[in-house]
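Subject: Structure for you to look at, with notes on its salt bridges

Dear colleague,

I am passing on the structure we spoke about, and I would be glad if you could look through it alongside the notes below.

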Amino acid sequence: MDKAKKPALVILAAGMGSRYGGLKQIDGVGPSEEGIIEYSVYDAIRAGFGKVVFVIRKDIEAPFREKFDGKFGDKIKVEYAFQGMDSFVPNDVDHTKREKPWGTTHAMLVAKTVIDANEPFAVINADDYYGVKGFQKMASFLVAEATPTLFSMCGYVLHRTLSDHGTVNRGVAVVAEDYLLKDVNERLKISRGKDKKVTYLGEDGHRYELADKDVVSMNFWGFHPSIFDTIEQGFAEFARENTGNPRAEYLIPELIDGMIKDGSAKVKVLVTDDKWYGVTYQEDKPKVQEAFAMLVAENTYPTPLFS
């Protein structure tokens with residue numbers, strides 16, 4: 001890979017936002033009505049990223065362009081990629097009965113059209129705040145270490161990723177001593193109880209304890225662009241197998257798990273103590289607004305971010 005090539009940031013913003021009740025991807029949470037996406041772009045620019053790719057649905061293109069077109073000036077190149085029900089779907093698969101997008105791996109795949117063959121890239125969610133250190137660590141990895149067989153995952157400390165207003169789902173990482181990822185176990189409906197313990201809901205309906213210091217995935221990944229060929233093949237197989245399941249999703253942890261297990265890739269875990277903020281629920285918004293006001297007061301960010 002050309003080490004001089006600046007990495008790109010792919011932001012997955014095509015979600016439906018059903019639990020939030022609106023277009024949370026662009027909802028203002030900063031002191032000057034900045035969206036969480038804008039803080040991610042700002043941190044990416046500071047860390048040395050050269051391009052941002054918004055993966056969205058066609059039906060939300062207008063509000064996205066109204067919010068972001070021209071905002072970042074000449075600081076970073078901006079591209080759009082569109083996740084449709086028919087994007088990269090094999091001709092022999094009937095997609096007309098799909099009820100929701102095909103999942104995060106599919107969303108990443110549609111960015112293939114705007115990522116260069118020698119351009120390493122990171123992937124994040126639109127509605128999650130990842131922190132300054134996370135972007136710095138990811139940028140360093142992408143420039144110096146990413147290869148067709150070595151990827152990365154930014155790992156967060158579980159207790160710094162919980163919501164006060166409902167349960168969350170997290171991929172709990174199993175990390176080897178050499179910081180290579182061994183496994184990611186999806187844990188559902190994680191919350192802190194009145195006894196202060198953090199637990200998740202098992203498939204058997206019982207709750208099981210997690211450790212505050214467990215490392216979890218927040219869907220912040222780093223890849224070599226050769227991953228697109230693997231995804232395209234994998235998605236075609238997934239789409240054929242799930243033609244009759246209109247809500248099945250092809251998720252990034254499933255892709256990674258398969259590649260780790262078949263030995264085709266290794267994943268380095270970049271652990272950060274940044275605090276996560278997100279707006280899974282509408283009730284999360286006031287706390288997130290308060291957090292960004294504090295970050296501005298501490299001079300972590302200016303306001304407005306882009307002027």
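Predicted model: local features only at pLDDT ≥ 70, side-chain atom pairs only at ≥ 80, totals over all residues.

Residues are numbered from 1 along each chain as its sequence is written, and side-chain values use heavy atoms, with hydrogens and water left out.

Taking a salt bridge as a side-chain nitrogen of Lys or Arg within 4 Å of a carboxyl oxygen of Asp or Glu, the count comes to 21. One of them pairs Lys67 with Glu38, at 3.8 Å from N to O. Because Lys67 belongs to helix 2 (residues 61–68) and Glu38 to helix 1 (residues 36–47), this pair ties together parts that are 29 residues apart in sequence; helices here are DSSP runs of H or I with at least four residues, strands are runs of E with at least two, and both are numbered from the N terminus.

Lys112 forms a salt bridge with Asp229, the closest N and O atoms being 3.7 Å apart. Lys112 sits in the loop between helix 3 (104–110) and strand 4 (121–125), and Asp229 in helix 5 (residues 227–241), so the pair links parts 117 residues apart in sequence. Lys112 also forms a salt bridge with Glu232, where the closest N and O atoms are 2.6 Å apart.

Finally, salt bridges that share partners join Lys58, Glu61, Arg65 and Asp69 into one network.
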